[in-house]
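Trainee: Could we go through this model together, one question at a time, with the cut-offs stated as we go?

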Amino acid sequence: MDPKALIKEAYAVQKQAYAPYSDFCVGAALLAKSGRVYCGCNVENAAYTPTNCAERTAFFKAVSEGEREFAAIAIVGNHRDRTPDPEQFCTPCGVCLQVMAEFCDPEQFQVILANRPDRYRILKLKELLPYGFSLSGSEDTCHGGQL
Ligand SMILES: [Zn+2]
């Protein structure tokens, strides 16, 4: 799928962000290997801890629909009233990266960060989370990465 098409979907769902506390609105569009796209926005909460990021919203929607394999995610995020800095990109938080690592090959999964519909960077999950926690490594370690 063209990255710009996925970015367009991320911008569309960003409008649904529920962010009354931070005013920082995020949209994510997750492309499953099946070809389906699952979109999510951030959903904040007055108690803060229950807040869910856009990326995890998209992942949890997809997983709850039976998806387990993913190709890419497009992420857009900016303060509601500010024009995004053209040099800045909204990167996923550590918790969301760990969720991505649960389902995605870190060498293959593409994280598409956009700050305008036509301005984006594509990173591999491995670049954003080089030493993520994993139980899939050797039996004597709980860490999947070689240090
Ligand atoms: Zn997050």
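Trainee: Is Ala71 buried, partly exposed or exposed?

Mentor: The model is a predicted one, in which local features need pLDDT of at least 70 and side-chain atom pairs count only at pLDDT 80 or more, while totals for chains, interfaces and linings use all residues. Residues are numbered from 1 along each chain as its sequence is written. A residue is buried if 20 or more other C-beta atoms, placed from the backbone, lie within 10 Å of its own, exposed if 12 or fewer, and partly exposed in between. Because Ala71 has 17 other C-beta atoms within 10 Å, Ala71 is partly exposed.

Trainee: In which strand is the place of Ala71, and which residues does Ala71 touch, not counting residues up to four places away in sequence?

Mentor: Helices (H or I, at least four residues) and strands (E, at least two) are DSSP runs, numbered from the N terminus, and Ala71 has its place in strand 3, residues 70-79. Two residues are in contact if their C-beta atoms, placed from the backbone, lie within 7 Å. With residues up to four places away in sequence not counted, the residues that Ala71 touches are Leu31, Lys33 and Gln110.

Trainee: What is the order of the strands in the open sheet, and which strands stand at the edges?

Mentor: Two strands pair if DSSP finds at least two bridges between them, and the open sheet of 5 strands, with mixed pairing, has the order 2-1-3-4-5. Each edge strand has a single partner strand, so one side of each is left without a neighbour in the sheet, and these edge strands are strand 2 and strand 5.

Trainee: Do strand 1 and strand 3 run parallel or antiparallel, and which residue in strand 3 stands opposite Leu30?

Mentor: Strands of a sheet pair through backbone hydrogen bonds, either parallel or antiparallel. Here 9 bridges join strand 1 to strand 3, and the two run antiparallel. Within this pairing, the residue in strand 3 that stands opposite Leu30 is Ile73.

Trainee: How many bridges join strand 3 to strand 4, and what is the hand of the β-α-β unit that strand 3, helix 3 and strand 4 make?

Mentor: Strand 3 and strand 4 run parallel and are joined by 5 bridges, with Ala74 standing opposite Ile112 in strand 4. A crossover is right-handed if, with the strands pointing away from the viewer, the path from the first strand over the helix to the second runs clockwise. By that criterion, the β-α-β unit made by strand 3, helix 3 and strand 4 is right-handed.

Trainee: Where does Tyr48 lie, and is Tyr48 buried or exposed?

Mentor: Phi of Tyr48 is near 60°, a positive value in a residue other than glycine. Tyr48 lies in the loop between strand 2 (37-41) and helix 2 (54-64). Because Tyr48 has 9 other C-beta atoms within 10 Å, Tyr48 is exposed.
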